[in-house]
Amino acid sequence: MNNQFLTEEQFNLLFKNSKNFVFFIKKNPDDYEYVYINDSAKEKLLSGNVCGKNLSDVMPPIQYETIRENYDRAIDSGKQIEYQDYIYLDNEVRKYESTVFPSFLDGDIYLLTITKEISYDRDVDDKYLFMRSVFFHSFLSTVLISNDGRLLEANPQFLNDFNINIDEVRGRGFLELPIINQKNVEQLKNYFSQAHNGITLSSKLITFIDGEGELRSFTATFTPLLKGEKEVIAVFIILQEITHYIRQEKALRVTSNGLNNFKNALNNAAEVSITNINGVMIDVNDRFIEQTEFSREELIGSTHRLINSRYHTKGFFDNLWKTINSGEVWRGEICNRTKYGVTYWVDSTIIPLVDENGQIEQYLSINFNITEKKRMLTELHNIENMFKMITENTNDLIVITNEDGIIQFASSAYCKKLGYTVEELIGQFYTQILTKESKEIWNAELYNLTGNSKIELIHESKEGICLWTECNYTVVNNYLRNNGSQIIMVSREITERKEFENKLLFLAYHDTLTHLPNRRYIQKEFPYFLEKAKSNKESIAVLYVDGDNFKTVNDRFGHDVGDEFIKQFGKALSKSVRYQDLVVRVGGDEFVLVITGLNLNKTYREQQLQHIINRIKENLKVGWSIGGNHFSPTSSMGISFYPDHGSTLDELMDCADRALHDIKVISKDSYKIYTHE
């Protein structure tokens, strides 16, 4: 171990405070040995320090085989690999992704493994964000149950019915809640099993225990929540309370005139009809008349074919009659039609009534209108279809992250534009697909999130292509996680617009002929030069440079050659100064040079400047050729210094211009430092 490339001090410096689980492991002939592990792994995963122990001594056999298989794969490939696994931790199953980095040193093999938790319940999260606005305003109790039986969400009506706090029950096993009647546990398990197999169950009679310890009865609908065509990811339950009616039914059995009492009790809430054994109606209550819009006279003596909507098949009614003729109670949902052709849905219970000899003589039908519930289920399917349509067909780039910026959902357009697969994006930090500058912008935004906002970010595709995007994001509460939130971001590519804006910005601050900075640019940037000089206690030189005999070039060779001459003149000046200096064309053959980082000592400063002036003269003397004509121009310069001659750009340029005028009167190919008159 003396030759290992990573010391314990280096390992702790890098990973001690990481929230991820980090392991540094050595390959032994028949096993893997833990060399170092970070604090998170000690405290949460391995229950203490296991350094020096073998992997097989620490991990359960099944988990050991999975880990060893992937470690061997990393060594065989000789490069980084990733794999995912499920671990039972803190009383729940969690999904983790591990990245393994193999290293080979002097015949020894080492592995650095980083394991992080990733989300695996995204589909429920995503779809529930769309559903909750529909369900939360319903007068029916609704509850969402995960595949492993945990309560994910419940609407206010459910919470009010059972006097419970959502924060106390969210995430707990539904069958373990105090509202569950233990006599119904096996029955509920059976219903959940069927729903998990994709079967929708309707009108199931279930009892629960409310906050006062009272037993309450409900009819329940179990609807599987699907991912794609077949995979069930959760079960949605809709409850309609019938406690009052059940109690009335029990009272019926102990009263001498039970049927009349029961009819009176139900008359205000349910649609009731009584038929003979041939299905001919012999009595109906007022709500039945009100719902069907037929008169009592039209109904009495008719069968239920009068309100048949023709929605159901012959086999449906054959099964109904077979059930009640055998003396059993039939429960189910029926679509009926009013006198004026309007369809409506009822949750129907048909009870055979027997005489003193046990022979069926009548049928009692109790119907509860569930048109609203059916509308909700239709809305649920519409929402799922809309969700799928939006994410698969829009050109906008849609991504959903958690509050830490980890991607939980990416639209197909997003993946196509950036060249990634969905699997490559899910679980990754959003910053992984941003450029360096945009990472800083997004991280700053992430720590100061508001309800909604708009920012511009540069995305980097898998091929390294940069895409400008205008991003609108909204922060919403994630009801499936306590105090959690999600960020829904819709982006639109604006690369062409940004390129055009950048061109306009460049033209605004640069000379169109030489592409050198212009007067507007130096006015904008000079305050930064000045501030730096003050901070570093340095001097700045401003050189006003004028080409000698430029008019002669224009007159003799024409304006095209003159323009090229100016461009070459600017290039010669740029080549003569340092990278931190600035060359500006202010007009015609006049240029301004800003020389920074000079010494405040006059003698030393002038020596520094003399080197630059000499390079300018040398580069101009070498010259250039245009159209077969060689030019070796000279220049005259006026020079001013900050802080000696001024503290603003206008003052320094004015002094340098005066010095230039003075030297041009005397001679050419020379320079003069401004002196106070």
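Two strands pair if DSSP finds at least two bridges between them. Helices (H or I, at least four residues) and strands (E, at least two) are DSSP runs, numbered from the N terminus. The model is predicted: local features need pLDDT of at least 70, side-chain atom pairs count only at pLDDT 80 or more, and totals for chains, interfaces and linings use all residues. Residues are numbered from 1 along each chain as its sequence is written, and side-chain values use heavy atoms, with hydrogens and water left out.

Figure 1. Gly332 stands opposite Ser348 in E14. Strands E13 and E14 (residues 343-354) pair in the antiparallel sense over 8 bridges. Axes are lines fitted to C-alpha atoms, for helices over the stretch in contact, and angles run from 0 to 180 degrees between N-to-C directions.

**Figure 2. The largest nonpolar core.** A nonpolar core is a set of buried Ala, Val, Leu, Ile, Met, Phe, Trp, Tyr and Cys residues joined through side-chain atoms within 4.5 Å; buried means under 20% relative accessible area, exposed over 50% and partly exposed in between (1.4 Å probe, protein chains only). The largest such core has 29 residues, and those with the most contacts inside it are Leu543, Leu593 and Ile595. At least two residues of this core come from each of strand E21 (539-547), helix H20 (550-557), H21, strand E23 (590-598), helix H22 (602-622), strand E24 (624-626) and strand E26 (635-642). Helix H21 gives the most, with 6 residues. Not counting residues up to four places away in sequence, Leu543 is in contact (heavy atoms within 4.5 Å) with residues including Phe591, Leu593, Ile595, Leu609 and Met637. Apart from this core lies another, of 27 residues, among them Ala154, Ile179, Ile206 and Ala220. In soluble globular proteins, nonpolar side chains tend to be buried together.

**Figure 3. Helix H21 and its contact with H20.** The axes of H20 and H21 come within 7 Å and cross at roughly 145°. Phe550, Val553, Asn554 and Phe557 in H20 meet His559, Val561, Gly562, Phe565 and Ile566 in H21. By class, these residues divide into 6 nonpolar, 3 polar and no charged; Ala, Val, Leu, Ile, Met, Phe, Trp, Tyr, Cys and Pro count as nonpolar, Asp, Glu, Lys and Arg as charged, and the others, Gly among them, as polar. Asp560 belongs to H21 (residues 559-576) and is exposed, with a relative accessible area of 67%. Asp560 and Ile626 are 66 residues apart in sequence and 10.0 Å apart in space, C-alpha to C-alpha. Ser576 also lies in H21, but is buried, with a relative accessible area of 0%. Leaving aside neighbours within four places in sequence, Ser576 is in contact with Ile612, Arg615, Ile616 and Asn619.

Figure 4. Ser636 is buried, at 0% relative accessible area. From Ser636 to Val545 the C-alpha to C-alpha separation is 5.8 Å, although the two are 91 residues apart in sequence. Beyond the residues up to four places away in sequence, Ser636 touches several others, including Tyr544, Asp546, Leu660, Ile663 and Ser670.

**Figure 5. The packing of helices H19 and H23.** H19 (residues 519-536) and H23 (residues 649-666) pack at an angle of about 125°, with their axes 10 Å apart. That makes H19 oblique to H23; angles under 35 degrees count as roughly parallel, over 145 as roughly antiparallel, 65 to 115 as roughly perpendicular and the rest as oblique. Arg519, Ile522, Gln523 and Phe526 in H19 meet Leu649, Leu652 and Met653 in H23. This contact has 5 nonpolar, 1 polar and 1 charged residues.

**Figure 6. A cis peptide bond at Pro643.** The cis bond joins Tyr642 and Pro643, with omega about 10°. Pro643 lies in the loop between E26 and H23.
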